[in-house]
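Open the model in your viewer and follow the stops below. Each one names a selection and then describes what is there.

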Amino acid sequence: MTLLDPRTRLALGIMGIAAVMIAADPATLVVEFGAILVSLHLLNLGRPWVHSLRLSVPMFVLVFLVATVSLSPGDATVLSLRLINLLSVSFLLFHAISAEEMGDALRKLGVPYELAFILTTAMRYVPLIGQKIRSIIDAQTSRGIDLTLRLKNLGNLAALLMPLLVQSFLLSEHLAIAMESRGFGRKGRSMRREYRLRIWEYGLMAGAFCLLLALAWWERGGSM
Amino acid sequence: MIQVQDLRYRYPDTGWVLEGVNLVVNRGEYLAILGANGSGKSTLAYLLNGLIPHFFGGTLEGAVFVDGINTRDCPVSDLVTRVGLVLQNADAQLFSSTVEQEIVFGLESLGMPRKDIERRLGEITEALHLEHLLARSPMTLSGGEKRLVAIGSVLSLDPSVLVLDEPYADLDWEATARVRRSLKDLHVDGKTLVVVEQRLERVLGEGVRCLVVGHGRIRFDGPSKEAAGASPGERLVPCYPERGRQDQSAEPLLAVRDLSYRIGQQQVLKGVTLDIRVGETVALVGRNGSGKTTLIKHFNGLLRPTAGTVTFQGRKVRPRHMAAQVGLSFQNPNDQFFRYRVRDELEEGPRRLGKLEPDWFQEICDLFDLHGLLDRSPYRLSEGEKKRIAVASILTVRPPLLVLDEPTVGQDGRLREALAVLLTKLTERGCTTVIATHDLEFAQAVAERWIVLHDGRVVADGSPEELRRDERVLRLGALGRLTDNGLAIAPALHEEGCDAA
């Protein structure tokens, strides 16, 4: 995957997400799911993917139940499968491109550096916030406040959200100080890595785009 | 090189934080700025690289000159090549996905060409011995490694002066020694260093000039070895009370048998067996990463053992049902505050567990001197007050066993003293306490029994006086030698400081 320029990886990822959003036919979603599984196997990401999906199981169950009640079991299946595909493609994208590569790709595409930095830093801080949440849950559980994922614990959420909010503000202030102290915002920033899109990468993106158009055409019943 | 003239400063919503500060830092000097929490020492550091007034705003009177440039007239981004600031919070300072990216971030900010970036990257990694870490994510590093990468990320800009805000905070003796060695090398190479620190023993033996700040004013300016005696009020070396008399019984309160715990492929605990008896105060000591926090999380069922058992009063520990029996207070008090008043925060646990006893609540308020704080917001308290509230909120539940995780991290000498006094009182009342810490001086002051954890195993169990001389444990690296971190000089300073106090 690192053979590809980050812009190619980003474009393929975005087209993958679009393909999932366009698909409405259960058969198409199943084919997409198969393609995702093959990609996960080739990139040796099967185990972390299963782990990440395990955390989303309550959300899948909730979507399935709500859609079954308000729509139909068939629609609920399509919606749930689409959600799984969407999260899986996003998982693939974020594993195929590091925060810096994402930032560099966006800068090369003309996005202002400040905006690209905000996006990449958000990516970088997700695991840190995850650690914070774990620490808060441990601290509150230790004094009898149950924060396990149950309906009866909804009223306890303030015990998680308030400390998380306060500490996130503190973290963002410290981050701003650290960036300021290392010259963030100076004009004329350079880029250490050199990126070059090769002809075959243009071909790859064009091929993927054609497939996306064909899928859209197919989903609309053969008319555009 | 740096000149501070008649300086007076206050943040937008506070009183004067610094007043009447005059200071000259010469080229190649090693200056330690010492002081208690809230004394104004970090504020002084922010003034040196222009974060004050440009980032924080507030009211600034007087002037700070760096190489003849008034920091008021120069943006922070233009001062980065003159004064580099390493923050205390390494997690906030390290925001890139690899160590390599972290080091080159500042160089890219300067607009440096690729060839020069590569050359500078090579120089920094060689100087700080970071070669093997370059491809790793900063989040996966140990505390000492994180600190060195943070130093490297600022040093890459080649500033004339390097300012470090509490570079040894939350590091154990081994990591502290590593960072100290790197700083010493930088100083020998001619770098001007300004180290902001709470603990005098960490800047001893460097031939450093010491500046003691108290209540916003400079109280002492001279050699570090004279600092403790010259400013006893600042408690640069804490005067711990006599250890509390322990009225322990042979009856085990908590029993751990062959406990093992694994995260993924990593074996964190390996066959731990120990007993905590009723009425004793035990220190669980060991380096960062030795498994202390993982072990105490088994005491109240936050973690389930991969193998082995934990029993409390003869019964197996059950997850989420132990808050009334085992009170566990973690390192960061901010992890638990969510009420608007201290009183509500203190009553939260006992109310939920149906154990609110007004007499005991009053007793805890007396013991921790909390009556004046009950109607205040916990967010607006000082760090020391927050720590007291955090421990008190666990004790209001009246658990038979109190467990404290690294209670002295980020605490100045006065607060460590106060904490030791509280623990002594609790010991005398028959409370059973376990303290997980790498602060060996504090552990020695409060606990008669140490359990030494190293690489996930219990390697020794005994009195601190015996264990600190145990060659086997010392050779293993499970405990720090008294010669580490200037501690050999510390006892003399301790006596001198306490006598003066």
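**Stop 1: the two domains of chain A**

In this predicted model, five residues of domain 1 of chain A are in contact with eight residues of domain 2 of chain A. To see the two parts, select residues 1–97 and 197–224 of chain A as domain 1, and 98–185 as domain 2. Helix 1 (residues 6–22) of chain A supplies the largest share of the domain 1 side of this contact, with three residues. By residue class, that side has four nonpolar, no polar and one charged. Taken over C-alpha atoms, the domain centres lie 26 Å apart.

**Stop 2: chain A against chain B**

Now show both chains. The contact involves 41 residues of chain A and 53 residues of chain B. On the chain A side, select helix 5 (99–108), helix 6 (113–141) and helix 7 (158–180), each of which supplies at least two residues. Helix 7 of chain A gives the most, 12 residues. Colouring the chain A side by residue class gives 17 nonpolar, 14 polar and 10 charged.

**Stop 3: strand 8 of chain B**

Select residues 192–197 of chain B. Why is strand 8 of chain B largely enclosed by the rest of the structure? Six of its six residues are buried, so the strand has the rest of the structure around it. One side carries B:T192, B:V194 and B:V196, the other B:L193, B:V195 and B:E197, and both faces are covered.

Strand 3 (residues 30–35) of chain B runs parallel to strand 8 of chain B, with five bridges; B:L31 has B:V194 as its bridge partner. Strand 7 (residues 161–165) of chain B also pairs with strand 8 of chain B in the parallel sense, over five bridges, and here B:V163 stands opposite B:V194. Trace the chain from strand 7 of chain B through helix 8 (residues 173–188) of chain B to strand 8 of chain B: this β-α-β crossover is right-handed.

**Stop 4: helix 14 of chain B**

Select residues 413–428 of chain B. Helix 14 of chain B has 16 residues and spans 23 Å from first C-alpha to last, close to the 22 Å expected at 1.5 Å a residue. Its buried residues include B:L415, B:R416, B:E417, B:L419 and B:L423. Display what the buried residues of helix 14 pack against: strand 13 (281–285), helix 12 (358–367), helix 13 (383–395), strand 18 (432–437) and helix 15 (440–446) of chain B.

Notes
Residues are numbered from 1 along each chain as its sequence is written. Chains are lettered from A and ligands numbered from 1 in the order in which they are written. This is a predicted model: local features need pLDDT of at least 70, side-chain atom pairs count only at pLDDT 80 or more; totals for chains, interfaces and linings use all residues. Two residues are in contact if their C-beta atoms, placed from the backbone, lie within 7 Å. Helices (H or I, at least four residues) and strands (E, at least two) are DSSP runs, numbered from the N terminus. Ala, Val, Leu, Ile, Met, Phe, Trp, Tyr, Cys and Pro count as nonpolar, Asp, Glu, Lys and Arg as charged, and the others, Gly among them, as polar. Domain bounds come from an automatic or database domain assignment. The expected span of a helix is 1.5 Å times one less than its number of residues. A residue is buried if 20 or more other C-beta atoms lie within 10 Å of its own, exposed if 12 or fewer, and partly exposed in between; C-beta atoms are placed from the backbone. Two strands pair if DSSP finds at least two bridges between them. A crossover is right-handed if, with the strands pointing away from the viewer, the path from the first strand over the helix to the second runs clockwise.
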